[in-house]
Amino acid sequence: MAIIDAQIGVLDGYLAKAQASLGSAPGSGSSSSRTSAQSLGVSTGMSTTVAEGQLAAQVARRQNEISTMAAAVTSSTSVTAPDRALLDSELSADASGLRAVVTKAQAATSAGPLVSLAHSVVTYYRVLSLTVPKVYMVLAADQAVFLETALARITAQAALEASAPQAVSRLSTTVRQRAKADASAASSRVTAATTSTEGISASVLSLIPAGFPGNKVVLQAGVNDLSSVLHDIGLVRNDIAVLVRLLG
């Protein structure tokens, strides 16, 4: 059970990071250049040096987030190869684009161009408002699939043992009946969790900054589905704990 619990903890951690990032990013709903730039603390009333410093700090924050996400993708043992490739590509492109923003900011001779650059950081890349939840939701969905597959296998094995004929089973009829019922319940819950997980990665990976904040509903729906999945997986975990005690 310790291994299952550890893997559920990984899923819970990914989901918590996705949930925390939704709605918490500055400028996540802004569409005007002036508003989005100000959300980063950059305005035309600033000196060029101060505006550049503020923009550099905001870019660095996003670069740090990208590095953290890239490390999470690398360390994941459950993310699928296609999803890993897409996430790595997107994070690499964002990191490169933000480096270009810093280079342009350093060449600015007034605050005006810096305001425009700040606007692009919010609206073109949307690292905090879109990429962060996107990455952790994909990692969570793939982790859920990994868990569902493992739990389905364990449940099927338990069902076979519980269904063994009395002549070849060391278990009493009563114990086998209880185990069969518990394995059936666990199987139904695994199926429900699997159904809820299907399509989450694909739907989230297709989201692009230009569609934000309209596509935020997809992120929220994915988080809701993953919360349901985590709940179902927790119930299956409890079912399996009962099976372990019954089947010994």
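Which residues of helix 7 are buried? In this predicted model, the buried residues of helix 7 are R176, A179, D182, A183, A186, V190, A193 and T197. These buried residues pack against helix 6 (127–162), helix 8 (200–205) and helix 9 (216–247). Helix 7 itself covers residues 173–197, 25 residues in number. Just after helix 7, G199 adopts a positive phi of about 90 degrees.

The chain as a whole contains nine helices and zero strands. The radius of gyration is 24 Å, whereas the globule rule gives 18 Å for 248 residues; the chain is therefore more spread out than a compact globule. Along the principal axes, the C-alpha trace spans about 90 × 30 × 25 Å.

Contacts, burial and surface were also computed for the chain. Among contacts between residues at least 6 apart in sequence, 84% join residues at least 24 apart. Of the 248 residues, 43% are buried. The accessible surface of the chain amounts to about 11400 Å², and carbon and sulfur atoms account for 58% of this surface. With regard to charge, the chain carries 18 positive and 16 negative side chains. The centres of these two sets are 3 Å apart.

Methods
Residues are numbered from 1 along each chain as its sequence is written. This is a predicted model: local features need pLDDT of at least 70, side-chain atom pairs count only at pLDDT 80 or more; totals for chains, interfaces and linings use all residues. Side-chain values use heavy atoms; hydrogens and water are left out. Helices (H or I, at least four residues) and strands (E, at least two) are DSSP runs, numbered from the N terminus. The radius of gyration is taken over C-alpha atoms; the globule rule is 2.2 Å times the number of residues to the power 0.38. Buried means under 20% relative accessible area, exposed over 50%, partly exposed in between (1.4 Å probe, protein chains only). Contact means heavy atoms within 4.5 Å. Accessible areas come from the Shrake-Rupley method with a 1.4 Å probe; for residues, only the protein chains shown count as cover. Lys and Arg count as positive and Asp and Glu as negative; His and the chain ends are not counted. The place of a charge is taken as NZ of Lys, CZ of Arg, CG of Asp or CD of Glu. The expected span of a helix is 1.5 Å times one less than its number of residues.
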